[in-house]
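Have the sequence and the 3D view ready.

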Amino acid sequence: FFVSLTSGVTNLTMITAAEVSGTIFFTCMLLQTKVGWNLLGRALKREKNKDLNVDRLAILECLECMLCFEQWANQPSFWPYEERKKHMQIAQQSIQRMLQMIKDTFPRRT
């Protein structure tokens, strides 16, 4: 279970995008504390028995990257119109790297 700051304890189903962002931010803040860092470490040790190899720092970096992307995507404008091709290419490469980071950090079991 995770904590949703608006609705109490939840399993993260049927929450809004803003609540997801808030939960990710809350998790990042929690991981900045010794208690949160140790909780994540214990949880990952349990998961290592299930063939997952993810480290705490990679999780924190990925969550922070996702929050930064959301802020970037919500800005009113991105770049001057005249420079759009150059900046769009850079943005596409950055988004591809972020998506790969998410896939590597949070592998799915099939």
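Start at Phe69, which is partly exposed with a relative accessible area of 30%. Keep in mind as you look that this is a predicted model.

From Trp72, move on to Trp79. The ring centres of Trp72 and Trp79 are 6.4 Å apart and their planes meet at 35°; that angle falls between 30 and 60 degrees, so this pair also counts as tilted. Trp79 has a relative accessibility of 25%, which makes it partly exposed. The structure holds two aromatic pairs, and ring pairs link Phe69, Trp72 and Trp79 into a cluster.

Where do these rings turn up again? Phe69, Trp72 and Trp79 are among the residues lining the second largest pocket, which has a volume of about 180 Å³. Other residues of that lining include Cys65, His87, Ile90 and Met98. Which helix gives the most to the lining? Helix 4 does, with six residues. Helix 3, spanning 56–73, and helix 4, spanning 84–105, each supply at least two residues. Sorted by class, the lining has eight nonpolar residues, two polar ones and no charged ones.

One last stop is Arg84, which lies over the face of Tyr81, at 3.9 Å from the ring centre.

Key. Residues numbered from 1 in each chain as written. Predicted model: local features only at pLDDT ≥ 70, side-chain atom pairs only at ≥ 80, totals over all residues. Heavy atoms only, no water. 1 Å grid on protein atoms, 1.4 Å probe; cavity = no way out; pocket = protein on both sides within 12 Å on 5 of 7 lines; lining within 4 Å. Points joined across faces, edges and corners; volume = space filled by probe spheres on them. Helix = DSSP H or I, 4+ residues; strand = E, 2+ residues; numbered from the N terminus. Nonpolar A, V, L, I, M, F, W, Y, C, P; charged D, E, K, R; others polar. Phe/Tyr/Trp six-rings, centres within 6.5 Å; stacked < 30°, edge-to-face > 60°. Buried < 20%, exposed > 50% of the residue type's maximum accessible area, 1.4 Å probe, protein only. Lys NZ or Arg CZ within 6 Å of the ring centre and 35° of its normal.
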